Amino acid sequence: AVRLLVTEVGLPASRMTVSTSGIVPGIERFAKEPVRPRLAISLNASNNTVRESIMPITRKWPIEAVLEAARAMPLAPREKITFEYVLLGGVNDSLTHADEVVALARRAGFPSKVNLIVWNPGPGIPYHQPLDEDVQQFQQRLISRGIPAFIRRPRGRDIYAACGQLKKTTEANS
């Protein structure tokens, strides 16, 4: 798809990001592609126990295997791999989790940054939105420890169409 977007549509690979939940063989193939945009890994937890509870794919490919696959990817100068981290209130948003993310990013051994995404609540979804102060403290903990961290602006929250909401909302209304 990336090759077609570059050759047929004319989009520059440098303006694209491919996101993965951590499918190791896919990351390994992606690393060998001649036309390669940036990589984003949906981390969403600071350890395998929490990650497995919210992302069952972790049973097959734990965080360490995902990091090992990403390490093999040749990066351009100043290129970073992005960790996407959805903050779930009371699940993965404590300062202890932030410290674990710092350790994980350092252990990764490649340049990285963290995009923090505030969970978008919706009907029938068991998670809740973290407190704004918890989000700010989480971000500041990462930044103060030398890990670039950015809070992504939520979109679609007002119509239950933000990340993770649409499918669940549709199921609840069926």
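1. A nonpolar core here is a set of buried Ala, Val, Leu, Ile, Met, Phe, Trp, Tyr and Cys residues joined through side-chain atoms within 4.5 Å. Buried means under 20% relative accessible area, exposed over 50%, partly exposed in between (1.4 Å probe, protein chains only). The largest such core has 33 residues. F83, Y85, V114, L116, F138 and L142 have the most contacts inside it.

2. Some ground rules. This is a predicted model: local features need pLDDT of at least 70 and side-chain atom pairs count only at pLDDT 80 or more, while totals for chains, interfaces and linings use all residues. Residues are numbered from 1 along each chain as its sequence is written, and side-chain values use heavy atoms, with hydrogens and water left out.

3. Helix α5 gives the largest share, 6 residues. Helices (H or I, at least four residues) and strands (E, at least two) are DSSP runs, numbered from the N terminus. As general background, nonpolar side chains tend to be buried together in soluble globular proteins.

4. Now strand β2, residues 38-42. Of its 5 residues, 4 are buried. Strand β1 (residues 17-20) runs parallel to β2, and 4 bridges join them. V18 stands opposite L39 in β2. From β1 the chain passes through helix α2 (residues 24-32) to β2, a right-handed β-α-β crossover. Right-handed means that, with the strands pointing away from the viewer, the path from the first strand over the helix to the second runs clockwise.

5. β2 also pairs with strand β3 (residues 81-87), again in the parallel sense. This pairing has 3 bridges; DSSP must find at least two bridges between strands for them to count as paired. S42 has E84 in β3 as its bridge partner.

6. The structure holds 5 salt bridges. The criterion is a side-chain nitrogen of Lys or Arg within 4 Å of a carboxyl oxygen of Asp or Glu. R36 and E79 form one of them, with the closest N and O atoms 3.1 Å apart. R36 lies in the loop between α2 and β2, E79 in the loop between α4 and β3; the two are 43 residues apart and link distant parts of the chain. Are R36 and E79 buried or exposed? Both are buried.

7. R141 and D99 form another, at 2.9 Å between the closest N and O atoms. This pair joins helix α6 (R141) to helix α5 (D99), 42 residues apart. D99 counts as partly exposed because its relative accessibility is 32%.

8. E52 and R59 also meet in a salt bridge, 3.0 Å from N to O. E52, at 32% relative accessibility, is partly exposed. R59 is at 58%, so it counts as exposed.

9. Check two backbone angles. N44 and R78 are not glycines, yet N44 has a positive phi of about 65 degrees and R78 one of about 70 degrees. N44 sits in the loop between β2 and α3 (48-54). R78 is in the loop between α4 (63-71) and β3.
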